[in-house]
Amino acid sequence: MEPRVIKIRQNHATGQKVILPDPQVIETRENRKTGATILLVNNGGVWTTTCETHGAMAEHPTRRMGTSWMAEPMVWCAGCAEEEVAR
Ligand SMILES: [Zn+2]
């Protein structure tokens, strides 16, 4: 088991600190173009795509957008962009 990480996000407007709930992995996919493992994560209401292979992350306003960006990690992950060039 990995240690439990508690994330704290500071609201820059109010200075208030908010503890985010544990990020939930909603979907896992292996990308066909780069072979990387891409996760769709709901991080306290913020949708993020994460490339588990290279450690890159991108935030998306909606789940639908997050899902569509799962298929294009070359755009938001430098590691995946290199894999695509190499192939
Ligand atoms: Zn990647």
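Two residues are in contact if their C-beta atoms, placed from the backbone, lie within 7 Å. This is a predicted model: local features need pLDDT of at least 70, side-chain atom pairs count only at pLDDT 80 or more, and totals for chains, interfaces and linings use all residues. Residues are numbered from 1 along each chain as its sequence is written.

**Exercise 1. The core**

Task: Which residues does C80 touch, not counting residues up to four places away in sequence? Which residues make up the largest nonpolar core?

Solution. 
- Step 1. List the contacts of C80. They are N31, T34, A36, C51, H54, P73 and M74, with residues up to four places away in sequence left out.
- Step 2. A residue is buried if 20 or more other C-beta atoms lie within 10 Å of its own, exposed if 12 or fewer, and partly exposed in between.
- Step 3. Define the core. A nonpolar core is a set of buried Ala, Val, Leu, Ile, Met, Phe, Trp, Tyr and Cys residues joined through C-beta atoms within 7 Å.
- Step 4. Read off the members. The largest nonpolar core has five residues: A36, I38, C51, C77 and C80.
- Step 5. Of its 87 residues, 15% are buried.
- Step 6. Check the sequence range of contacts. Take contacts between residues at least 6 apart in sequence; 28% of them join residues at least 24 apart.

**Exercise 2. The strand order**

Task: How many helices and strands are in the chain, and what order do the strands of the open sheet have?

Solution. 
- Step 1. Assign the elements. Helices (H or I, at least four residues) and strands (E, at least two) are DSSP runs, numbered from the N terminus.
- Step 2. Count them. The chain has three helices and six strands. Their pattern along the sequence is β-β-β-β-β-β-α-α-α.
- Step 3. Two strands pair if DSSP finds at least two bridges between them.
- Step 4. Pair β3 (residues 24-30) with β4 (residues 37-43). They run antiparallel over six bridges.
- Step 5. Pair β4 with β5 (residues 46-51). This pair is also antiparallel, over six bridges.
- Step 6. Pair β5 with β6. Four bridges join them in the antiparallel sense.
- Step 7. Assemble. The open sheet has four strands in the order β3-β4-β5-β6, with antiparallel pairing. Its edge strands are β3 and β6 (57-60), each pairing on one side only. Neighbouring strands are turned by 20° against each other on average, direction ignored. The axes behind this angle are lines fitted to C-alpha atoms, for helices over the stretch in contact, and angles run from 0 to 180 degrees between N-to-C directions.

**Exercise 3. Partners and turns**

Solution. 
- Step 1. Start with β3 and β4. V25 is the bridge partner of V41.
- Step 2. Six residues lie between the strands, and G35 in the turn has a positive phi of about 75°.
- Step 3. Move to β4 and β5. N43 has V46 as its bridge partner. Two residues separate the strands of this hairpin, where G44 takes a positive phi near 60°.
- Step 4. Finish with β5 and β6. W47 stands opposite H60. This hairpin has five residues between its strands, and G55 takes a positive phi near 80°.
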